Amino acid sequence: MSTKSYQNKIANSRAIAEPVWIRWLLIGGALAYLGLFLFVPLAAVFTEALRKGFETYLSAFSEPDALSAIQLTFIAALVSVPLNLVFGVSAAWAIAKFNFRGKSILITLIDLPFAVSPVIAGLIYVLIFGLQGWFGHWLSDHDIKIIFALPGIVLATIFVTFPFVARELIPLMQAQGKDEEEAAIVLGASAWQMFYRVTLPNIKWGLLYGVILSNARAMGEFGAVSVVSGHVRGLTNTLPLHVEILYNEYNYVAAFACASLLAFLALVTLALKTLVEWKTAQAQQPELSQEST
Amino acid sequence: MMSIHINNVRKNFGNFSALNDISLEIPPGELVALLGPSGCGKTTLLRIIAGLESPDSGSISFNGEDATQRHVKERQVGFVFQHYALFRHMTVFENVAFGLRVRPKATRPSDAEIDRRVHELLDLVQLDWLGDRFPPQLSGGQRQRIALARALAVEPKVLLLDEPFGALDAKVRKELRRWLRRLHDELHITSVFVTHDQEEALEVADRVVVMDKGKIEQIGTPGDVYDNPATPFVYQFLGNVNLFHSRVHAGFARIGELEVGVPGHADTQDTPALAYIRPHDIDIQRQGNKDTLKVKVSDIHAIGPIVRLELEQGDSSEIIEAELTRERFGELNLVRGEEVFIRPRKLRVFLQ
């Protein structure tokens, strides 16, 4: 469905239009709520961060521990996002284009990270790979560190972010069906040519949207990472964990400065997301946008 | 030109038997219609010929060579999908060029050659001026013709079309099917198309394969299947028909008080049978005799060149349909509620 015509419908519908004062009350209420719970905290983050001037603000990032936290956060995102991209596309492909036994179980499993508390997710990895866990002895015998080290952080990040790409693509690919893919194969395309020339262009905006959401969550994840990280400063602290430590040490300016970096990343993500949504809406109705020219 | 042989093909989806031991031979250069109601297995059969589905048992061969295991892209078939399946993010030109562009380097034509061939095909379907449009900007009929041009670009030996006119409105559908017929007469590619529309099948095809419930009911020319239906199903599926319960005895079928001679059943003794009479094979007359049945005119619909009558038989509630030309209707000057007599000009019985 085109969002454009849907919006026209809302604007044109007199039947369900409320009196002006009710409309203003509803809009005002929603805005006040948003302001109180979203905008004020966001503004607070930036004011607190800049309270002692721009110099102090910048110095929060030049500290080695902060730099290592930023670096670790980027590495975790850099590993987990591509893996989830591959997994998400394969899972969505399997679910949308084939019928197989256990399909509904797979769909439910993909949703699991949304249902499970991130702390539990972290604990699962501690239980499996921790020193007291199932593979703990074997791992320590072979001198492999997973928990309280980078691999654990990456694992936890993958766990909490893996639904995003698949969830975004499944309804899209289901709606598109497999006719175009079949047409490509009948015309002599190889499997890769079919994916690259037909499937990918059709899902690219949905895919990008999933990747952006996945990335946002990967960089902002606290709970699961907190359990497996061990909070070793300069070694296993991601940016959100670093913020917590600084705050607990009453180093408010630095804490808020780092938080502002995360907030800034979130804002960029939102902007990208809006752009992609706009592009998707355009891609879905080229007849409208091009006929008018 | 390619001939297609389908030998004892079976296909089940779970417990549903889509194709039940289908054997069919399609001679080179023919345009064949697979006709049947939805769920009769016709699309499954088409997809098996294309290689998009594989049969549970049985085989497909092209020109006598077994192709059952051959991959779709090696079968040299052109397939036109029911909803066209045009690549929505590519221009019309690129859609048609796709089959040439994906060829391995060794056999891929040069860009200039691709350009020439695509324009040739767009000319053939009379849409050369649409080359740089995108599929969502085209009308249904245009999409259909582009889908056909795209399928022809790879120079297929067999052309397969799934409900090619199903999604079009009545007027465009008529134009396009005549156009397809002419195109086939020019190109002579062995072609199979699937349809649930009997008029379409009868008008376009050289031969019609009538299917029901995964089985072939009859194979024949359009004239054959319409005039001499092999089974009650074919009779009912092709055109309107009146159904009467009757008894056949010693060469005569008895419907109520009416007795009609049925040659070929001279030895049949008092057997229940179903008698089929087409609405246009019913004559209406004012005077009754032993060859007629008394009925009451319960409704009159004038539809274009014909007039359709609904007739009630005294003792049964079943409606009999009859079709008259406007001319004959004018002569008779019938009015609603009037009593008249009908005489079947032609009737077919199937013993039960």
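Start by selecting chain A: its secondary structure comes to 15 helices and 0 strands. Keep in mind that this is a predicted model.

**Stop 1**

What share of the 293 residues in chain A is buried? Buried residues make up 39% of them. Next, think about contacts between residues at least 6 apart in sequence. In chain A, 72% of these contacts join residues at least 24 apart.

**Stop 2: helices α3 and α4 of chain A**

Select residues 53–62 of chain A, which form helix α3. At what angle do α3(A) and α4(A) pack? The angle is about 65°, and the axes lie 5 Å apart. Angles of 65 to 115 degrees count as roughly perpendicular, so α3(A) is roughly perpendicular to α4(A).

Show the side chains where the two helices touch. From α3(A), pick A:Ala60, A:Phe61 and A:Ser62. From α4(A), pick A:Pro64, A:Ala66, A:Leu67 and A:Ile70. Colour them by class. The contact of α3(A) with α4(A) has 6 nonpolar residues, 1 polar residue and no charged ones.

**Stop 3: helices α4 and α8 of chain A**

Keep α4(A) on screen. Which hand does the crossing have? α4(A) passes α8(A) in a right-handed crossing.

Now show the contact itself. On the α4(A) side, select A:Leu72, A:Ile75, A:Ala76, A:Val79, A:Ser80, A:Leu83 and A:Asn84. On the α8(A) side, select A:Leu150, A:Ile153, A:Val154, A:Thr157, A:Ile158 and A:Thr161. Colour by class again. The contact of α4(A) with α8(A) has 9 nonpolar residues, 4 polar and no charged ones.

**Stop 4: one residue in chain B**

Move to chain B and select helix α2, residues 92–101. Centre the view on B:Asn95, which sits in this helix. Is B:Asn95 buried or exposed? B:Asn95 has a relative accessible area of 0%. Buried means under 20%, so B:Asn95 is buried.

What is B:Asn95 in contact with, leaving aside its neighbours within four places in sequence? Show B:Leu86, B:Phe87, B:Met90, B:Pro135 and B:Arg150. Each of these five is in contact with B:Asn95.

Conventions:
Residues numbered from 1 in each chain as written. Chains lettered and ligands numbered in written order. Predicted model: local features only at pLDDT ≥ 70, side-chain atom pairs only at ≥ 80, totals over all residues. Heavy atoms only, no water. Left-handed = near helix turned anticlockwise from the far one by under 90°. Helix = DSSP H or I, 4+ residues; strand = E, 2+ residues; numbered from the N terminus. Contact = heavy atoms within 4.5 Å. Nonpolar A, V, L, I, M, F, W, Y, C, P; charged D, E, K, R; others polar. Buried < 20%, exposed > 50% of the residue type's maximum accessible area, 1.4 Å probe, protein only. Axes fitted to C-alpha atoms, helices over the stretch in contact; angles between N-to-C directions. Parallel < 35°, antiparallel > 145°, perpendicular 65-115°, else oblique.
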